[in-house]
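Today I go through the charges and the surface of one model.

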Amino acid sequence: MADHYDVLGVSREATPEEIKKAYRRLARELHPDVNPSPDAQEKFKQVTHAYDVLSDPGQRRDYDRGPQQGFGGGGAGGFGGFGDIFETFFGGQGGGSRGPKSRAERGQDALLRVEVDLSEVVFGTHRDLEVDTAVICETCEGSCCQPGTQPITCDICHGQGSIQRTVRSLLGNVVTSAPCGTCRGYGTIIPNPCPTCQGQGRVRARRTIPVDIPAGVETGLRLQMPGQGEVGPAGGPQGDVYLEMKVKHHDVFSRNEDDLLCTLEVQMWDAVLGTTTTIQALDGDIEIEIKPGTQSAEVLTVKGRGITHLRGNGRGDLRVGIQVVTPTKLDHKQKELMKQLASAHKYPAPSLGQFQQGLFAKLRDRFLNV
Ligand code: ZN
């Protein structure tokens, strides 16, 4: 890297006025508008950069001072002097140089909400999720630089990323360190940022993430997908995606852990005489046998037709609560038959018992306690 004073053709003792004059003369000569040669362009950039540094009193002072090595830089261990002690006090790494920070950072995590139907929970399902995210810039492949160009070492901190100042005190020299304001601590400057990503190394994009949602998920469950999140600044590693599950309400089937629950209305005579019927479960038809003498609120269990367990093997059960329906609209002939039936059988009189909160409460108790 050429010396800034040489680039401007001035002495190290040049006054601000002389520096300005030298810059104006060179700028007129090298400006891309008047001098289109690639050499002149490169020179113009150098001149402009040199002027930026030398026209700022603070930056010029830092530049004049040159690279600071700090104290105790040998890193041999042990306290070699006050410098070592102070570096330890001020968060140093025990004698080693801290070095510039990397532009590349890990991308942020993202939380996506995914709604699934209960039927999808039985066996698991697949989704292709569209997400607005950041992907690596294909022009610069995350380098942030226009193709064919490279970052240049920062002149102010000389690639260290930080500016160290030595202050004399009663105890000796105190070294303090602050991030370099010119390169923002990176130690390098990008003179030609990538035009596609404006030097970010990543661009916003819509991406499809294929997701296999396992069986047995519940509302509120979060699934982690490592490395599926956005690309970080300067092409840094991707963050994670978390999927927060929401299982939609189903009009017929509800859920108790991995069991599926429903009710089945059975006409009185079917409950008395018994019958078979086919119900449409979430995973296909199931034949249900109603035994003669089936009572209201009885629960029939169909083993292994519930939800596939999220962890481990096997499935829960399907539990069918029977609701016996009393006929209300009987024609004359049916009424006569009922009367005959009643007189032919010695039924006990209605008997007193404990209050029940209706059939559904009864069913719920049986569902959960059987
Ligand atoms: Zn780019």
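This is a predicted model: local features need pLDDT of at least 70, side-chain atom pairs count only at pLDDT 80 or more; totals for chains, interfaces and linings use all residues.

How many Å² does the accessible surface of the protein come to, and what share belongs to carbon and sulfur atoms? I got about 22900 Å², with 50% belonging to carbon and sulfur.

Next I looked up the overall make-up. I have 9 helices and 15 strands, and 34% of the 370 residues are buried. For contacts between residues at least 6 apart in sequence, I find that 66% join residues at least 24 apart.

Then salt bridges: the structure holds 17. I picked out Arg165 and Asp62, whose side chains meet at 3.8 Å, N to O. This pair links distant parts of the chain, 103 residues apart, with Arg165 in strand β4 and Asp62 in helix α4. Asp62 is buried because its relative accessible area is 10%, under the 20% cut-off. Arg165, at 37%, is partly exposed.

I also checked Arg202 and Glu230, which form a salt bridge at 3.0 Å, N to O. They sit 28 residues apart: Arg202 is in strand β7, Glu230 in the loop between β8 and β9. Glu230 counts as buried at 14%, while Arg202 is partly exposed at 22%.

A network turned up too: salt bridges with shared partners join Arg106, Asp109 and Asp240. Within it, the Asp109 and Arg106 side chains meet at 3.1 Å, N to O.

Last entry, the positive surface patch: I listed Lys20, Arg24, Arg25 and Arg28 as forming it. Arg28 lies in helix α2, residues 16–30, and counts as exposed at 60% relative accessibility.

Key: Residues are numbered from 1 along each chain as its sequence is written. Side-chain values use heavy atoms; hydrogens and water are left out. Patches are made of residues with over 30% relative accessible area and no salt bridge: like charges are joined within 9 Å, nonpolar side chains (Val, Leu, Ile, Met, Phe, Trp, Tyr) within 5 Å. Accessible areas come from the Shrake-Rupley method with a 1.4 Å probe; for residues, only the protein chains shown count as cover. A salt bridge is a side-chain nitrogen of Lys or Arg within 4 Å of a carboxyl oxygen of Asp or Glu. Lys and Arg count as positive and Asp and Glu as negative; His and the chain ends are not counted. The place of a charge is taken as NZ of Lys, CZ of Arg, CG of Asp or CD of Glu. Helices (H or I, at least four residues) and strands (E, at least two) are DSSP runs, numbered from the N terminus. Buried means under 20% relative accessible area, exposed over 50%, partly exposed in between (1.4 Å probe, protein chains only). Contact means heavy atoms within 4.5 Å.
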